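Here is a briefing on one structure. Look over the sequence and the model first, then read the points below.

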Amino acid sequence: MNRPQPNEYPTWGETYISKVDRDIFEILNDQIQSLPALFRANADKADYAYAEGKWTLKEMLGHIIDAERVFAFRITCFARKEQQHLPGFEEDDYVLNARFAERDLEDLIEEFIALRKANLYLFKSLNEEELNRKGIASGREINVKSILFIVGGHIIHHVSILKERYHVV
């Protein structure tokens with residue numbers, strides 16, 4: 001599948017879409033193993049944040065889960081020709097109100113795996129017409145294919161942050 005064109009998504013999407021350097025479905029499938037392995041290998045840092053006011057590893061994983069849910073909802077809506085504009089989501093508010101710090105890291109890991117596996121059934125079922133359908137989310141037009149690439153690129157983005165700032169291995 002070809003990378004979405006810049007006119008198919010808002011400028012903020014480039015942060016994530018630009019990180020997709022190979023087949024999006026290979027990336028999405030690989031992340032089912034690679035992301036849990038990264039968090040499991042760093043379980044001793046589950047409650048670590050690299051600075052005051054920054055997310056812990058558990059909160060980062062929780063954010064990844066929340067974002068995937070939001071993106072999958074948007075994909076579902078737009079693929080099914082939803083005409084209503086969808087709201088944005090404020091990631092910091094979601095993390096603040098989710099109580100991820102109280103959760104067990106392994107439960108969060110298993111939740112991510114289950115969510116991604118379920119989402120892959122939807123993602124793989126989409127045909128070219130559905131991938132090109134558009135909708136309005138966060139006040140900006142975006143197509144389904146772009147959101148799909150954002151799902152994979154979003155995790156690549158956060159893994160880079162985890163390696164740079166949290167010094168995970």
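Setting aside residues up to four places away in sequence, Glu130 is in contact (heavy atoms within 4.5 Å) with Ala79, Arg80, Ser125 and Val144. Glu130 sits in helix α6, residues 128-132. Helices here are DSSP runs of H or I with at least four residues, strands are E runs of at least two, and both are numbered from the N terminus.

This is a predicted model: local features need pLDDT of at least 70, side-chain atom pairs count only at pLDDT 80 or more, and totals for chains, interfaces and linings use all residues. Residues are numbered from 1 along each chain as its sequence is written, and side-chain values use heavy atoms, with hydrogens and water left out.

- Glu130 counts as buried, at 16% relative accessibility. Buried means under 20% relative accessible area, exposed means over 50%, and partly exposed lies in between, with a 1.4 Å probe and protein chains only.
- Glu130 and Ala67 are 63 residues apart in sequence. Their C-alpha atoms are 21 Å apart in space.

**Helix α3**
- Helix α3 covers residues 57-79.
- It has 23 residues and reaches 33 Å from first C-alpha to last. That is close to the 33 Å expected at 1.5 Å a residue, where the expected span is 1.5 Å times one less than the number of residues.
- Of the 23 residues of α3, 20 are buried, so this helix is largely enclosed by the rest of the structure.
- Lys81 follows α3 and has a positive phi, near 70°.

**Packing of α3 on α7**
- Two packed helices are described by the angle between their axes and the distance between the axes.
- The axes of α3 and α7 come within 9 Å and cross at roughly 175°. This makes α3 roughly antiparallel to α7.
- Axes are lines fitted to C-alpha atoms, for helices over the stretch in contact, with angles from 0 to 180 degrees between N-to-C directions. Angles under 35 degrees count as roughly parallel, over 145 as roughly antiparallel, 65 to 115 as roughly perpendicular, and the rest as oblique.
- On the α3 side, the residues that meet α7 include Leu57, Met60, Ile64, Phe71 and Phe78.
- On the α7 side, the residues that meet α3 include Val144, Ile147, Val151, Ile155 and Leu162.

**Helix α2**
- Helix α2 runs over residues 24-41, 18 residues in total. At 1.5 Å a residue it should span 26 Å, and its end C-alpha atoms are 25 Å apart, which agrees.
- α2 bends by about 40° at Gln31. The bend is the angle between axes fitted to the seven residues ending at a residue and the seven starting there.
- Gln31 is also one of the buried residues of α2. Others among them are Ile24, Phe25, Ile27, Leu28, Ile32 and Leu35.
- What covers these buried residues includes α3, α5 (105-125) and α7 (144-165).
- At the start of α2, a side-chain oxygen of Asp23 reaches to within 3.0 Å of the backbone nitrogen of Phe25.
- Ala41 lies in α2 and is partly exposed, at 47% relative accessibility. Ala41 and Ile156 are 115 residues apart in sequence and 17 Å apart in space, C-alpha to C-alpha.

**Asn42, between α2 and α3**
- Asn42 is in the loop between α2 and α3. It is buried, with a relative accessible area of 3%.
- Its side chain reaches the backbone nitrogen of Val169 at 3.3 Å.
- Leaving aside neighbours within four places in sequence, Asn42 is in contact with Leu57, Val168 and Val169.

- Ser18 lies in the loop between α1 (14-17) and α2. It is partly exposed, with a relative accessible area of 37%.
- A polar atom of the Ser18 side chain lies 2.7 Å from the backbone oxygen of Glu14.
- Ser18 and Phe149 are 131 residues apart in sequence, yet 8.9 Å apart in space, C-alpha to C-alpha.
- His157 is in helix α7 and is buried, at a relative accessible area of 18%.
- Not counting residues up to four places away in sequence, His157 touches Thr15, Tyr16 and Lys19.

**Positive phi in exposed residues**
- Arg99 is in the loop between α4 (91-96) and α5. Its phi is positive, about 60°, although Arg99 is not a glycine. Arg99 counts as exposed, at 54% relative accessibility.
- His167 lies in the segment after α7. Its phi is near 55°, a positive value in a residue other than glycine. His167 is exposed, with a relative accessible area of 53%.

Note on methods. A polar contact is a pair of N or O atoms within 3.5 Å; within protein, one must be able to donate a hydrogen and the other to accept it, and residues adjacent in sequence count only if both atoms are side-chain atoms.
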